[in-house]
Structures are given as structure tokens and as C-alpha cells.
Amino acid sequence: MIAILSRTYTVLENFIVLEGLDGSGTTTQLALLEERIKALHVPFFSTFEPTKNTTGTLIREILKGEKDAHPDTVAFLFAADRNEHLYHPIDGILIHLFRGELVICDRYLFSSLAYQSVSSDYDFIYSLNRHFPLPAFLFFLDTPVDLCMQRLSDRKGREIFENREFQENVLKGYRKTLDIFKEYPLHIHQINGTLPREKIFSEIWEKIESLPIVKK
Ligand code: TYD
């Protein structure tokens with residue numbers, strides 16, 4: 001536990017989060033990370049948000065436009081899904097960390113701060129997420145909206161957030177969030193998302209290969 005600005009934050013060692021706009025390449029990087037740590041026989045748990053649990057499934061229905069909900073309700077749902085994701089007694093992130101695994105996660109509370117703040121008050125979103133523990137590492141794939149939109153146009157099944165204007169606002173939300181969290185006790189790395197994926201991966205790997213859990 002580290003106290004900064006009179007608040008107390010818990011930083012979870014061996015917890016790594018990838019963030020970025022839709023189409024920024026986080027899922028590709030997560031797959032490359034999995035491949036590398038598997039090859040090194042590092043015990044790990046690879047996961048993502050929204051989860052596949054009950055709340056995560058409801059969120060995906062809303063994102064597909066199959067169900068409707070007030071933006072603040074969506075923010076509550078993401079926070080509820082995250083709570084379950086962290087504290088589930090059998091398959092939660094904390095259980096995996098306590099078992100000595102490296103946990104890699106595609107999106108976390110930084111997504112809520114960037115995405116939900118487009119339609120809801122930033123401080124409200126912050127208050128919903130402020131008690132969650134922080135990852136030791138946050139990698140932000142800084143990929144221009146144009147490139148993300150181009151990649152998304154090749155995918156089937158658009159979600160409600162996947163439009164240019166919204167993504168431009170999400171990027172502003174990310175910039176604000178990264179600025180706030182630079183004062184916090186976690187390692188934040190912003191990576192140029194236009195680089196070839198192998199180059200992005202080597203930048204990520206360079207930061208985590210010296211972790212004791214990886215070097216063992
Ligand atoms: P994503 O992982 O990009 O899903 P897919 O596999 O369908 O590409 O996440 C789905 C969407 O959820 C994405 O647009 C970001 C959004 N999101 C939020 O709005 N808030 C959050 O807290 C999280 C975790 C995701």
C-alpha cells in the first residue's frame with residue numbers, strides 16, 4: 001500500500017494492463033505476450049474486460065445495441081463487472097496473483113475513465129473506480145483514430161462506441177486519465193501504435209522481462 005496525495009492505493013505486483021482505443025491493437029499484443037510467457041513457462045492468467053461473466057455479457061448486449069441503458073448505468077455495470085473480475089473467489093484476478101501467476105489484462109479501469117466519461121461525469125466515473133487496486137504496469141497503445149477506424153472497418157459487427165467522433169472523445173479521456181495517473185505509483189508506458197506489431201511487442205517486453213516472475 002502506498003499513500004500519495006493523502007489517498008491510499010494498492011498496486012498489484014505482477015498485474016499488467018493493456019489499454020487503447022478500439023482497433024488500437026491491444027488484443028494482438030495480449031496474444032503475443034501470451035505466446036512469449038507460455039514459451040518461457042511462466043505461470044500466467046490472460047484475461048479481459050468486459051468479462052464473460054453475467055454482468056460482462058449484459059454489457060456486451062448493450063454495446064451491440066441489443067439492450068438499452070442509461071450511460072451512468074453502463075458505468076455501474078462496468079464497475080460491477082470489474083469487481084467480480086477482481087474478487088471472484090475461484091477465478092478472480094486476485095486469486096490468480098496469490099497463486100503466483102502473472103496476470104495480463106486487455107482493458108481495466110482506465111477504459112471506464114476514458115469511455116464512460118464521454119457520456120457521464122468524469123468525477124462520477126472516478127468515484128466508481130477509485131477503490132480498485134492498480135496494476136503495476138499500464139501499457140497504452142497510442143494509435144491514431146484514423147488508423148483505428150480503418151482497422152475497425154475490416155471487422156464485422158460494429159459496437160455502439162465504434163464511431164469516429166466517439167473515439168476522438170475517448171482519446172481525450174485517455175489523455176486526461178494518463179495525465180492524472182502519472183502521479184500514481186504504477187509504471188505507465190505509452191507506445192506508438194503505428195509501429196509494426198513486433199516492434200510494439202518488443203517495447204512492451206523490454207519493460208517486463210526483468211520482472212522476477214519472468215526471470216525465474
Ligand atoms: P473490447 O475489448 O474492445 O471488445 P471487442 O473484443 O468486442 O473488441 O471492449 C469492448 C468495448 O468496451 C470497447 O469499446 C471498450 C469498452 N469498454 C468501456 O467502455 N468501458 C470499460 O470499462 C471497458 C473495460 C471497456
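How many disulfides does a search of the whole structure find?

**View 1. Cysteine sulfurs in the predicted model.** The search finds 0 disulfides, a disulfide being a pair of cysteine sulfur atoms within 2.5 Å. Cys-105 is in no disulfide, and the nearest cysteine sulfur, that of Cys-148, is 19 Å away. Cys-148 is likewise in no disulfide. This is a predicted model in which local features need pLDDT of at least 70, side-chain atom pairs count only at pLDDT 80 or more, and totals for chains, interfaces and linings use all residues. Residues are numbered from 1 along each chain as its sequence is written, and side-chain values use heavy atoms, with hydrogens and water left out.

View 2. Cys-105 is buried, at a relative accessible area of 0%; Cys-148 is buried at 1%. Buried means under 20% relative accessible area (1.4 Å probe, protein chains only). Of the 216 residues in the chain, 49% are buried.

**View 3. Secondary structure and contacts.** The chain has 10 helices and 7 strands, taken as DSSP runs (helices H or I, at least four residues; strands E, at least two) numbered from the N terminus. Contacts are heavy atoms within 4.5 Å. Among those between residues at least 6 apart in sequence, 77% join residues at least 24 apart.

**View 4. Charged groups.** The mean positions of the 25 positive and 30 negative charges are 3 Å apart. Lys and Arg count as positive and Asp and Glu as negative, without His and the chain ends; each charge is placed at NZ of Lys, CZ of Arg, CG of Asp or CD of Glu.

Notes. Buried means under 20% relative accessible area, exposed over 50%, partly exposed in between (1.4 Å probe, protein chains only).
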